[in-house]
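Biologist: I would like to learn how to read a model like this one. Can we go through its features one by one?

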Amino acid sequence: MKQATPAAHDALIQEQFTRQARPFAEVRAHSAESAMGLLLDALAPAPGDAALDVACGPGIVACALAQRVASVRGLDIVPAMLDEARKRQASLGLSNVTWELGDASRLPYPDESYHLVTTRYSFHHLLEPLVTLREMARVCQRSGRVAVIDVAPAEDKRAAYDAAEKIRDPSHASALTERELGALFDAAGLEIETTTRYRIEVELEAALRASFPEPGGADRLRALYRADVGVDALGVGAELRGDEVHFAYPIVILVGRKRGA
């Protein structure tokens, strides 16, 4: 299959996440306190920190950080996502968060501007995640920390997982394995300090309500997941509970510091 050009892929991201903005924000699994607690524990934010959340989406991570640090900036390329982020900020009464429209591959900030630089669930949408990670490292202070949180399928499951996710969300590029994510950290001059793994459980129909697959894609995905029950070719542990299909995304949190810091 021919890979989309960067411009065409950016257009897919804009189309998908403009439509997904509200339903994505409303998926309870994305705001699960247990998962957020793992991230905050790994980052160990301090009250005086300035944080940047790259590809911030509806502001879930940024707003959680804002309750622990001095200030947070959330950056995203999709205006509709930033609209949802502002709603979340207002609902929580947070005054120390600002939002900016921008490209994760070209961060508009000086070197070493932030103590904490994070991104969650973005790398599998990027054609060149190393470019973004290098930018994240550039704007992070020498004593600061960079965190990437994303799905990390097993190496022997990744091809099947990617094929399924591209049906659900055509803007999906490719999930990276934990080993590949680690190699990106090394290439970006970052030493991994902590690695945390967890799983996010999702019910298939709930996932589809927050997604916008191409015509016929939802039925193809239903058939694919039901066929995977007891097989686990996708690596997500699909299972039937009554007539519902449940599965769990394998997630990894990698937190690193600049090499030699």
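**Reading the core, the spaces and the rings**

Modeller: Start with the packing, and keep in mind that this is a predicted model. The largest nonpolar core has 54 residues, and Tyr-225 and Phe-247 touch the most other members. Helix α3 (residues 60–66) supplies the largest share of this core, seven residues.

Biologist: Which residues does Tyr-225 touch, not counting those up to four places away in sequence?

Modeller: Its partners are Ala-164, Glu-165, Leu-204, Leu-234, Val-236, Ala-238, Val-245 and Phe-247. There is also a second, separate core of 26 residues. Leu-107, Phe-123, Ala-137 and Leu-190 are among its members.

Biologist: Now the rings. How do I describe an aromatic pair?

Modeller: A pair of aromatic rings is described by two values, the distance of the centres and the angle of the planes. Here the count comes to four aromatic pairs. One of them joins Tyr-109 and Tyr-114, with 5.5 Å centre to centre and 85° between the planes. That pair is edge-to-face. Both Tyr-109 and Tyr-114 are buried.

Biologist: What is the geometry of the pair formed by Phe-247 and Tyr-249?

Modeller: Edge-to-face again, at 5.1 Å centre to centre and 80° between the planes. Phe-247 is buried, with 3% relative accessibility. Tyr-249 has a relative accessible area of 12%, so it is buried under the 20% cut-off.

Biologist: How do I read a helix for its buried side?

Modeller: An α-helix has 3.6 residues a turn, so residues three or four places apart point the same way. Now take α5 (129–139). Its buried residues are Pro-129, Thr-132, Leu-133, Glu-135, Met-136, Ala-137 and Val-139. Their cover includes β1 (50–54), β4, β5, α7 (178–187), β6 and β8.

Biologist: Next, backbone angles. Which residue has a phi near 55° without being a glycine?

Modeller: Glu-112. It sits in the loop between β3 (97–101) and β4 (114–120). Glu-112 has 37% relative accessibility, so it counts as partly exposed. Tyr-121 is another case: its phi is positive, about 60°, and it is not a glycine. Tyr-121 lies in the loop between β4 and α5.

Biologist: Is Tyr-121 buried or exposed?

Modeller: Buried, because its relative accessible area is 13%, under the 20% cut-off. Recall that Tyr-121 is also one of the residues closest to the centre of the largest cavity.

Biologist: One last feature, contacts across the sequence. Where is Val-78?

Modeller: Val-78 is in the loop between β2 and α4 (79–92). It is buried, with a relative accessible area of 1%. Val-78 and Gln-14 are 64 residues apart along the chain, and 5.9 Å separates their C-alpha atoms.

Biologist: What else is Val-78 in contact with, leaving aside neighbours within four places in sequence?

Modeller: Besides Gln-14, the contacts are Ile-13, Phe-17, Thr-18 and Leu-101.

Methods:
Residues numbered from 1 in each chain as written. Predicted model: local features only at pLDDT ≥ 70, side-chain atom pairs only at ≥ 80, totals over all residues. Heavy atoms only, no water. Core = buried A, V, L, I, M, F, W, Y, C linked by side-chain atoms within 4.5 Å. Buried < 20%, exposed > 50% of the residue type's maximum accessible area, 1.4 Å probe, protein only. Helix = DSSP H or I, 4+ residues; strand = E, 2+ residues; numbered from the N terminus. Contact = heavy atoms within 4.5 Å. 1 Å grid on protein atoms, 1.4 Å probe; cavity = no way out; pocket = protein on both sides within 12 Å on 5 of 7 lines; lining within 4 Å. Phe/Tyr/Trp six-rings, centres within 6.5 Å; stacked < 30°, edge-to-face > 60°.
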